[in-house]
Amino acid sequence: MRIDIITLFPRMFDGPFRESIIARAIAAGIVEIHIHDLRGWATDRHRTVDDAPFGGGAGMVLKPEPLFAAIEQLRGENGHVILMTPQGQVFNQQLAADLATYNHLLFVCGHYEGVDERVREHAIDRELSIGDYVLSGGELPAMVVVDAVTRLLPGTLGSHLSTVEESHAGGLLEYPHYTRPRDFRGWRVPDILLSGNHAAIARWRHEQAVRRTLERRPDLTRKYLPHLLQEHKDGDEDAGATTTSGL
Ligand SMILES: C[S@@+](CC[C@H](N)C(=O)[O-])C[C@H]1O[C@@H](n2cnc3c(N)ncnc32)[C@H](O)[C@@H]1O
């Protein structure tokens with residue numbers, strides 16, 4: 001996969017993309033990431049890329065000319081252009097899996113008050129938010145999306161199962177993990193994990209995943225796995241217990 005990122009602050013990407021899994025994916029040729037300074041497409045002596053908003057108000061707006069020039073030069077044949085914005089669709093694991101099927105992603109990072117509306121209307125394929133809060137720029141959001149997508153690319157993680165079993169992959173949060181020592185300050189690893197009975201361990205892990213999703217994120221269960229909710233309610237009713245409120 002090829003990834004291009006248009007930003008006013010290219011150096012922000014130095015750390016996250018030079019470490020750990022993304023760095024390994026780059027070294028292995030699974031992904032190539034190109035960071036572009038938007039000022040490279042400014043045409044005046046001062047390399048201006050922003051201006052005051054028409055109608056007045058606080059802050060500056062990223063001008064359309066440099067952004068259009070950058071996107072048109074970089075998008076190529078089949079580049080999918082993504083604007084990072086708190087007004088976009090909220091990013092999740094399904095969207096990460098969808099983006100992982102593209103050959104070429106091009107991220108546009110806003111700053112200040114954001115980008116001129118004509119960029120959004122005429123140069124962008126998709127708008128993504130990483131959550132309902134406002135950050136200073138689109139750089140951290142772009143890094144979040146690139147990380148989530150890169151780890152799904154075939155070959156990036158050692159085991160394909162890592163991404164199949166983990167939280168959000170199938171609508172469930174993942175089961176708890178333990179490692180040595182077996183007893184830490186009197187808190188013991190569940191016996192089942194030491195039993196060597198792989199079928200029983202798989203059953204226990206699935207039960208744990210269902211339980212913690214119901215407890216922590218009933219909204220996920222409602223959305224992706226409504227049958228689990230019904231089974232949980234039936235089980236509680238059989239046991240004469242009241243169901244968890246709000247489910
Ligand atoms: C201060 S924000 C602009 C907010 C904009 N004035 C608004 O109210 O919608 C500057 C830039 O940060 C990025 N940004 C901020 N919060 C974000 C979020 N939750 N998800 C994705 N991008 C975000 C966007 O690229 C945005 O253009």
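**Exercise 1.** Into how many nonpolar, polar and charged residues does the lining of the largest pocket divide?

*Solution.* The structure is a predicted model, in which local features need pLDDT of at least 70 and side-chain atom pairs count only at pLDDT 80 or more, while totals for chains, interfaces and linings use all residues. Residues are numbered from 1 along each chain as its sequence is written, and side-chain values use heavy atoms, with hydrogens and water left out.

Step 1. A pocket is an open set of points on a 1 Å grid over the protein atoms alone, where a 1.4 Å probe fits, with protein on both sides within 12 Å along at least five of seven lines; lining residues have an atom within 4 Å of a point. The largest pocket has a volume of about 500 Å³, a volume being the space filled by probe spheres set on the points, joined across faces, edges and corners. Its lining has 26 residues, and Met84, Thr85, Pro86, Glu113 and Gly114 are the closest to the pocket centre.

Step 2. The lining divides into 11 nonpolar, 10 polar and 5 charged residues. Here Ala, Val, Leu, Ile, Met, Phe, Trp, Tyr, Cys and Pro count as nonpolar, Asp, Glu, Lys and Arg as charged, and the others, Gly among them, as polar.

Step 3. Strand S5 provides the largest share of this lining, 5 residues. S5, helix H4 (117-122) and S7 each supply at least two residues; helices (H or I, at least four residues) and strands (E, at least two) are DSSP runs numbered from the N terminus.

**Exercise 2.** Identify the surroundings of the ligand and its polar contacts.

*Solution.* Step 1. The ligand takes the space of the largest pocket; the criterion is that more than half of its atoms lie within 2 Å of the grid points.

Step 1. The ligand is surrounded by 20 residues, the closest being Met84, Gln87, Gly110, Tyr133 and Leu135; a residue counts if one of its heavy atoms lies within 4 Å. This shell divides into 9 nonpolar, 10 polar and 1 charged. S5 (80-90) gives the most, with 4 residues.

Step 2. Polar contacts are pairs of N or O atoms within 3.5 Å. A ligand oxygen is 2.9 Å from a polar backbone atom of Gly110. The protein buries 85% of the 580 Å² that the ligand exposes when taken alone, by the Shrake-Rupley method with a 1.4 Å probe.

Note on methods:
A polar contact is a pair of N or O atoms within 3.5 Å; within protein, one must be able to donate a hydrogen and the other to accept it, and residues adjacent in sequence count only if both atoms are side-chain atoms.
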